[in-house]
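Dear colleague,

I am passing on the structure below, with notes on what I found in it. Please read the notes alongside the coordinates.

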Amino acid sequence: MLHKMEWDSTGGGLEVSNVVPPHIHESSQSMSSTSSSISEHEFSCHCCYDILVNPTTLTCGHNFCRHCLALWWESSHKNECPECREKWEGFPRINILLRDATDKLFHDVVHRRRAEIQANPKISRSLLAFQRYGDNLGRARTNQNKGAGIFFSGVLVALTCVAVMVLVYHWGSGVVEQHDLLISKPVSHWTPEEVVLWLEQLGPWAQLYREPFQQENVNGRLLLMLGDEELLKSPYSIENQAHRRAILAELDRVKALGVKPPQNLWEYKAANAGKSLFLLYALKRSPRLTLFYLYLFDYSETFLPFLHTCCPAITHIDQSVRESSFLNTQLEPSWRQWAEFLVKYLLLPYQLIAEFAWDWLAVHYWTSRFIIVNAMLLSVLEGCALWRLWTAARIRTLPRKMWNHLWKMLSQGFAFALLWPFVPQFVCNCLFYWALYFSPIINIDLVVQQLMHPETQAL
Ligand SMILES: [Zn+2]
Ligand SMILES: [Zn+2]
């Protein structure tokens with residue numbers, strides 16, 4: 001009796017909505033067939049256009065058969081609603097209320113379809129893969145919240161303290177201000193002390209000529225008038241021709257720029273604040289595209305010195321001069337250098353950045369180490385990503401992923417270029433130091449996660 005009443009009320013409700021004359025007093029059997037023919041549309045899946053089996057509700061509110069969703073997820077590689085394309089959060093579950101309702105209303109259809117699904121190996125496989133993805137997602141989340149999370153937040157806090165102390169020391173010692181001064185102060189206004197400072201920074205060999213410059217009280221204006229002959233004669237008496245050439249070349253650069261050219265990372269950052277922030281983020285996200293960009297648009301100032309540092313030429317020039325001479329970084333690279341560069345560029349681009357940082361190890365002790373560690377971590381992450389694609393037999397999707405990446409980088413780069421002039425200097429500094437000193441720590445966390453649960457990062 002209860003059963004009959006239940007059918008009656010459901011049938012009646014559906015009939016009203018479909019404006020079908022009521023047949024409330026007919027037998028329950030005919031009743032159920034009428035109601036199923038009427039309401040099939042409401043309870044159908046928009047993937048297979050059949051009655052929902054194990055209906056699964058997404059965050060957008062749409063419902064699909066669980067196996068339809070699993071098939072769609074597997075073929076599209078996306079966490080998106082097949083109907084409205086909204087991304088779903090977490091792992092979608094079966095809507096129990098809806099499942100019980102469809103099971104009861106369309107018992108025969110659902111029973112038949114369940115048997116069909118179980119008999120189909122392809123569907124069973126994707127259902128299993130979908131479930132495994134959900135399990136991993138849950139496990140990764142709990143793991144993340146537990147052990148590793150606490151450990152790395154501890155490390156993060158400790159390193160934050162160290163970084164803050166280093167920065168306070170760095171700013172407090174006035175090193176940055178002094179460099180800022182020379183790279184923004186016109187040469188003609190340099191004092192004799194500043195001229196000597198400039199000379200000392202040309203390299204260890206320049207120490208030899210410190211004395212005469214100091215004794216002669218050479219200021220900026222005098223420095224600009226020095227030529228090859230003056231340098232050869234007393235009191236400078238620079239007899240080494242390579243040294244003279246190096247000094248004159250640097251002098252030419254100073255004349256052309258009007259100020260001292262940046263000679264280390266902090267000076268480069270002070271002179272090219274926007275560019276160094278861009279390089280820091282772009283090299284990390286997409287080293288190959290960024291280097292290609294430098295090749296196209298910043299060839300002589302940034303790309304050539306970078307190439308010469310990472311893939312040095314075998315030359316017979318006096319080693320001591322070679323170390324600092326700007327001229328050598330402007331030579332056209334030999335085919336051997338190009339070959340070495342291109343191989344590294346294609347296979348291990350982060351290695352190039354690590355080598356560049358290695359060359360600066362003597363000047364920037366900690367910063368270079370941070371960059372080298374970060375470059376190694378990023379190489380590991382890239383390797384893991386490729387390995388995942390390979391094992392999941394999705395290597396064919398690589399070109400599409402690269403294309404998506406290109407678009408993402410281009411649009412982000414464009415947004416960066418538009419917004420850059422409006423960002424306050426303080427915010428830029430914070431972003432800069434964050435990317436320099438904190439991203440290695442975040443990447444350690446990522447690498448550990450990948451090595452512990454390689455399968456969880458599937459998408
Ligand atoms: Zn379906
Ligand atoms: Zn939807």
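This is a predicted model: local features need pLDDT of at least 70, side-chain atom pairs count only at pLDDT 80 or more; totals for chains, interfaces and linings use all residues.

**Notes on the model**

Residues are numbered from 1 along each chain as its sequence is written, and chains are lettered from A and ligands numbered from 1 in the order in which they are written.

The stretch 414-436 is one of those that an unreviewed UniProt entry annotates as "transmembrane region", the others being 149-172 and 370-393; UniProt positions are given in the numbering used here, feature names are shortened, and annotations may be inferred rather than shown by experiment.

The protein chain as a whole has 24 helices and two strands. Of its 459 residues, 18% count as buried, where buried means 20 or more other C-beta atoms within 10 Å of the residue's own, exposed 12 or fewer, and partly exposed in between, with C-beta atoms placed from the backbone. Among contacts (C-beta atoms, placed from the backbone, within 7 Å) between residues at least 6 apart in sequence, 65% join residues at least 24 apart.

Two helix pairs deserve a look. Helix 15 (residues 273-285) packs against helix 23 (residues 425-437) at an angle of about 35°, their axes being 10 Å apart; axes are lines fitted to C-alpha atoms, for helices over the stretch in contact, and angles run from 0 to 180 degrees between N-to-C directions. This crossing is left-handed, that is, the near helix is turned anticlockwise from the far one by less than a right angle, clockwise being right-handed. Leu 277 and Tyr 281 are among the residues that helix 15 contributes, and Leu 431 and Phe 432 among those of helix 23.

Helix 16 (residues 287-297) and helix 20 (residues 349-359) also cross in a left-handed sense, at roughly 65° and with axes that come within 8 Å. Pro 287, Arg 288 and Leu 291 of helix 16 meet Pro 349, Tyr 350 and Ile 353 of helix 20.

Finally, Pro 305 lies in helix 17 (residues 299-310) and counts as partly exposed because it has 15 C-beta neighbours inside 10 Å. The C-alpha atoms of Pro 305 and Phe 356 are 9.7 Å apart, although 51 residues separate them along the chain.

Methods. Helices (H or I, at least four residues) and strands (E, at least two) are DSSP runs, numbered from the N terminus. Two residues are in contact if their C-beta atoms, placed from the backbone, lie within 7 Å.
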